[in-house]
Amino acid sequence: MKLSLSQPRLRDWSSLFLAVFLLLSSLVFMGLKVRCDQISRGRIPGSAIIYIPSGKYLKYATFGFSSVLADLIYLWAIQYYSDYSISDRFDHLEHIFSIIAELDPRYVDPYELGAIVAVYEANNLNLGLKILDLGLEKNPQEWFFPFQAGQLAQLRKNYELARIYYKKAMEIPGAPDLVKRLYAFSAFKTMDLETSLKTWLEVYETAQDDRVKKIASNHLYQVKAAIDKKVIEEAIGRFREKYGRNPYDLNQLVRAGFLKEIPKDLDGLDYLYDAQTGEVRTAQIWWKR
Amino acid sequence: MKVKAIALNTFREAIRDRILYLLFFFAAAAIIFSRLLAILTVGDRVKIIKDVGLASLSLFGALMAILIGTGLVYKEIDKKTIFTVISKPIHRWQFLLGKFLGLTLTLLVMIGLMSLIFLAVVFAHTLRLEPRLLIAIVFIFIELLLITAVAILFSCFSTPILSSIFSLAFYLIGHTSWGLETLIRKLRPGPWRMLAQFLYTFLPDLENFNFRTEVVHGLTIQPKFYFYSGLYGLFYTLFILTLATIIFKKRDFV
Amino acid sequence: MSQPAKSEIVLSVHNLFKAYKTGFIPKRSPVLKGVSFSVQAGEIFGYLGPNGAGKTTTLKCLLGLIFPDSGEIRLFGESHLSLTAKEKIGYLPENPYFYEYLTGREFLEFYARLFPSDRGANREKITSLLRLVGLEKAADLQLRKFSKGMLQRIGLAQALINNPELVFLDEPLGGLDPIGRKELRDVIVSLREQGKTVFLCSHILQDIEMVCDRVAIIVAGRIVAQGALEDLISEKILFTEITVSGVPKEDLENLGEFLSVRGERALLKVYEEPKIDHVLRLVQEKKGKIHSLVPRTETLEDLFVGMVKQG
């Protein structure tokens, strides 16, 4: 009986050759890949995302994978916006984040990040606020969006906008007390003293612990002082009109009939008055009481 | 030459496939449509045309490669036309290589035609010929070569539908490998990280052939990158074809 | 190409085993269980067996389409997978499918190029082949417009394109009309006259009996009979079929089996020789007529059926 030795051996040689070639070619291409990675390229991959059209129907076009897509695009956006070499990356900021919002409107993080990038990096407060508005629109129960909007506005010293946003945030159930205080603070900054006073009073009365009470009390002091200062200085102005000079002291205003009485600060102390300049000051520093 | 005979025969058969013309029609439509889109944009109009055009070439080219490639070997086995060929004095690898080259030739023709339309539209807009566009197209073609090899690989042992799915998966993995890189940076050094790094190096990185963004935005590319990228494509394709040969060699044609 | 000597063995198969792994959890179902046979130069060799016995599997092993689990196959003294061996064979598969969009000529050109050859010689070869199989007129017609018979013929042309020494034909006569079958049988015989060897795989026994020199019968994966036809089939008369008329049925009843009765005629199957004389005498007595008298020897079918029943 002849044993079939020759046939398998022929096959084995060529199979061996093929296996060796397979291994070698894989080593070569892996090496080439490492080499390619070392050469830098001027862009970040995936930037074709910019061209995804937005619109109401985007969500439906993704066949139920919209929230995964939103995640992926968000992940990509994070990389994209961290790459400072791309100088025109802000051109599509609104577009990209609006796409993420459409795909998964309930995904909270992208709104926040988008707004931060817009304000801190692209220096575009309105864009940041727009993004947060969108977030609030899709998620009306998220007090954090108007809160952050207020923070960003406050950062950019736009107290009017900050006030509006803090108010919005305040009204959403679940917002922390801090928001109310920020609202009062912004109101003060916009010289809406009545609102500020009223709100600080509320904060004071509803304060849960002594620390907050103290804060509220300090702010009340400050607002009352501002109100009082306004009243007194307005009377001084009228006095100056009539007599052509500043009063020697505040009692003079009462005696002359410009004021009914001299208001005292929150702690019952007198305000300080400088006859030379006509300026009214508090005896205490409001936050050091 | 035997490989040539099979390649030409494959070309003849593939070029008759109606899918090619359907996809060609869509690609041409997309390119022409981009011209309309350009009118709507504010700013650099040509950019949209270039972007859409190159993306169409890449996408529809890949679809052609996959849809035809996955049927190439499978159909022969299924319809038993392969019996009379393999029983001739021809090595199995010659058969496979012939199939690959035939489809490559087909794709060359189709990409060539699509490129002409694309370049014509761009020229109509800019009245300039940009050589860098040609480079982008050449590398799109290199990517298609690799995808073709993969499609043929799967065609050797799997039905067209499954093969198409696997090939598409390869395409997707190839274009998202940068995600794996990002992940690696976040991993702590250890066995998982090493595994991830190995996978990252081994899995295909089709973005190496993607010069579309650079070309469209006018960014610079180092010439040696072309060289290494092209070699990468060549060796990966050789790898896949070798794998296909090994599988095809042992196959029983029942 | 020199023709091998008459008794040289062109194909030898030794102890072929092949099992298919089927199903999701691979279960081995054996198909070839130790097949051995040999084919001599210049003969027409018949390979028969019932459906599922392993004929096609054997053939595919011989052609390198399937790899046997163990065993040896030698073609012209070489490994059956070597290219030089394959240059000398031709193959016509069962129910051939070909590239539909090629014309007859293009089809043959394609196959011609798979052999070491040159263009000019090919053209002449192809023209003469087309003439041989009677397809000259269809040379420029696309294969998808061919009838089944025409496909069979172009398939045969393809099998002969390299002027092979050994031609494998797998069920070539199935599906042909009687004229086609006669023509094909003539072609097969003419191949032998040219000094070629033919390996004919079939389950149509009449054709095998008509053309083959030697046969091998495979049943359930094993060769149960192998050799020259005349050695396998005895010349013994099994029975005689007599067609008579004019003799009352009752008289014939215990002489043999009635195969058919139509009007006056009766076809009778008579086993024993003395009974034949009896029938003849009866016909003379009753002034009847004998329409035919056919002694039947053992046919290949009888042998075949017997082998299958045993296996």
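A: Let's start with Lys80(B), which sits in the loop between α3 and α4 (82-86) of chain B. Helices here are DSSP runs of H or I with at least four residues, strands are E runs of at least two, and both are numbered from the N terminus. Keep in mind that this is a predicted model: local features need pLDDT of at least 70, side-chain atom pairs count only at pLDDT 80 or more, and totals for chains, interfaces and linings use all residues. Residues are numbered from 1 along each chain as its sequence is written, while chains are lettered from A and ligands numbered from 1 in the order in which they are written.

What makes Lys80(B) worth a look is its backbone: phi is near 65°, a positive value in a residue other than glycine. Most residues other than glycine have a negative phi.

Asn15(C) isn't a glycine either, yet its phi is positive, at about 55°. This one lies in strand β1 (residues 9-22) of chain C. With 16 other C-beta atoms within 10 Å, Asn15(C) is partly exposed.

Now step back from Lys80(B), which comes just after α3(B), and follow that helix. Helix α3 of chain B covers residues 45-78, and its 34 residues should span 50 Å at 1.5 Å a residue; the end C-alpha atoms are 49 Å apart, so the two agree. (The expected span is 1.5 Å times one less than the number of residues.) There is a bend of about 35° at Leu72(B), where a bend is the angle between axes fitted to the seven residues ending at a residue and the seven starting there. Of the 34 residues in α3(B), 25 are buried, so the rest of the structure largely encloses this helix.

What about chain A itself? It has 12 helices and 2 strands, and buried residues make up 32% of its 289 residues. Its domain assignment gives domain 1 (47-139) and domain 2 (191-289); such bounds come from an automatic or database assignment. The C-alpha centres of these two domains of chain A are 48 Å apart.

Chain B also takes part in the largest nonpolar core. A nonpolar core is a set of buried Ala, Val, Leu, Ile, Met, Phe, Trp, Tyr and Cys residues joined through C-beta atoms within 7 Å. Of its 148 residues, Ile152(B), Ala157(C), Phe199(C) and Leu200(C) touch the most other members. Helix α6 (residues 131-155) of chain B gives this core its largest share, 17 residues. At least three residues come from each of domain 1 (9-232) and domain 2 (237-310) of chain C. Leaving aside neighbours within four places in sequence, Leu200(C) has contacts that include Ile44(C), Phe45(C) and Leu169(C).

That brings us to chain C, with its 11 helices and 14 strands. Buried residues make up 39% of its 311 residues. The C-alpha centres of domain 1 and domain 2 of chain C are 40 Å apart. Where they touch, domain 1 of chain C gives 10 residues and domain 2 of chain C gives 7. Elements giving two or more residues on the domain 1 side are α7 (205-211), β9 (214-219) and β10 (222-228) of chain C. The domain 1 side divides into 9 nonpolar, no polar and 1 charged.

How values were computed: Buried ≥ 20, exposed ≤ 12 C-beta atoms within 10 Å, placed from the backbone. Contact = placed C-beta atoms within 7 Å. Nonpolar A, V, L, I, M, F, W, Y, C, P; charged D, E, K, R; others polar.
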